[in-house]
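Me: I would like to go through this model term by term. For each label, please set the value against the cut-off and then conclude.

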Amino acid sequence: MAEKMYRRPDGLYEKILIINGRRVAFRAKSTREVLRKIAAYREKEDTGPTFETVADAWWEDKEPRLSPNTAPNYKLAMRRAVERFGPEPVKEITPVAVKAYLEYLAHRGYARRTVNQHFVVLREICAFACERYNVMQNAAALVKLPDKLPQARRKMPAPAQIEAIKALADTPDGLFLNFLMYSGLRLGEALALRWEDVDPAGETIRVRRSLYFAGRNQGELKEPKSEAGRRSVIYLKRLQAMLEPHRGPAGAFVFGGEQPMSKKAYYCLLDRCRRAGLDVTPHQLRHAYATLLFEAGIPEKTAQGLLGHAQISTTMDVYAELREKKLMEAAQALNAADF
């Protein structure tokens, strides 16, 4: 074989082979080194691609199709999977190894939703290996999530925090917090609102788009992820009283003006709120709105539409949690009663 090797003008020996239908060039300073590289390559071809190789190719294919809010979580899940399985050939990963990885995540205290997202990413990477690299079996498809994983609990703002937010309604920061609490909109939905979307006569707020930062200071406007995200919510009179005095031009953004609020401006707002003793998140305020719906006796199906949940099961989970909380409060009251 050495006699048939081509010696390039730069002095390197080169051997070109067709392996599995692909043209592969091997170059080295000596014929022996070329042969060693060929042997190493053939051995690698026999074992198939490593998990890290497949994961990188999967990410290149997947990332452009992910929403800016979803991409960071998927990338984190991919990195953790690579830390676990990186150098292993994909076809040698077993269901037992996948199960052990999920148990590892569970033992670290991750909630069911987080473990499931990591599982989805791992399953997709293994499926990608089957589709693109001729791997015969998706080991992750043969595994189920561990039982009794903890559910992530939604935290309500404390009553004192809610009262403090109400008291700050006449300040720009307080107005933003009150808007989230009395509209139930997601952060991106609120930041994407224009005044033309806010209709006091019809007592509605029309949600038609959302703002995504995607690692940049100035956000990008996009359509909602699901049809459920396109909705109208009730423009409560108490919210009208706070917001209408600040009404701007129809095309202006409610929070930001000619341009929507930037990422830096939003984080500065949060920082000012924390320094004022209001350490609350938009998701907590959204949960406060869901509690308002529950307390008002709004049916779950109606609440689903107002909250923009794609699945009724999501709304049912929220309501079930609130009912459980009410039951616990009732039990405490009964236990404290003197009779």
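Reply: A polar contact is a pair of N or O atoms within 3.5 Å; within protein, one must be able to donate a hydrogen and the other to accept it, and residues adjacent in sequence count only if both atoms are side-chain atoms. This is a predicted model, in which local features need pLDDT of at least 70 and side-chain atom pairs count only at pLDDT 80 or more, while totals for chains, interfaces and linings use all residues. Residues are numbered from 1 along each chain as its sequence is written, and side-chain values use heavy atoms, with hydrogens and water left out.

Me: What makes the pair Thr315 and His309 a polar contact?

Reply: The side chains of Thr315 and His309 are joined at 2.8 Å. The limit is 3.5 Å, so the pair counts as a polar contact.

Me: Why is Thr315 called buried?

Reply: Buried means under 20% relative accessible area, exposed over 50%, and partly exposed in between (1.4 Å probe, protein chains only). Thr315 has a relative accessible area of 0%, so the label is buried. Thr315 is found in helix 13 (residues 312–336). Helices (H or I, at least four residues) and strands (E, at least two) are DSSP runs, numbered from the N terminus.

Me: Which residues does Thr315 touch, not counting residues up to four places away in sequence?

Reply: With contact taken as heavy atoms within 4.5 Å, Thr315 touches Glu300, Ala303, Gln304, Leu307 and His309.

Me: How do you know that the structure has zero disulfides?

Reply: A disulfide is a pair of cysteine sulfur atoms within 2.5 Å, and a search of the whole structure finds zero. For Cys126, the closest cysteine sulfur is in Cys130 at 7.3 Å, which is too far for a bond. For Cys273, the closest is in Cys268 at 11 Å, also too far for a bond.

Me: Are Cys126 and Cys273 buried or exposed?

Reply: Cys126 counts as buried at 3% relative accessibility. Cys273 counts as buried at 6%.

Me: What makes strand 4 and strand 5 a pair?

Reply: Two strands pair if DSSP finds at least two bridges between them. Strand 4 and strand 5 (residues 204–207) have two bridges, in the antiparallel sense, so they pair. The bridge partner of Val198 in strand 5 is Ile205. These strands belong to an open sheet of three strands with the order 4-5-8 and antiparallel pairing. Strand 4 (198–199) and strand 8 (231–234) each have a single partner strand, so one side of each lacks a neighbour in the sheet.

Me: Which helix gives the most to the lining of the second largest pocket?

Reply: Helix 11 does, with six residues. Helix 6 (159–167), helix 7 (172–183), helix 11 (282–295) and helix 13 each supply at least two residues of that lining.
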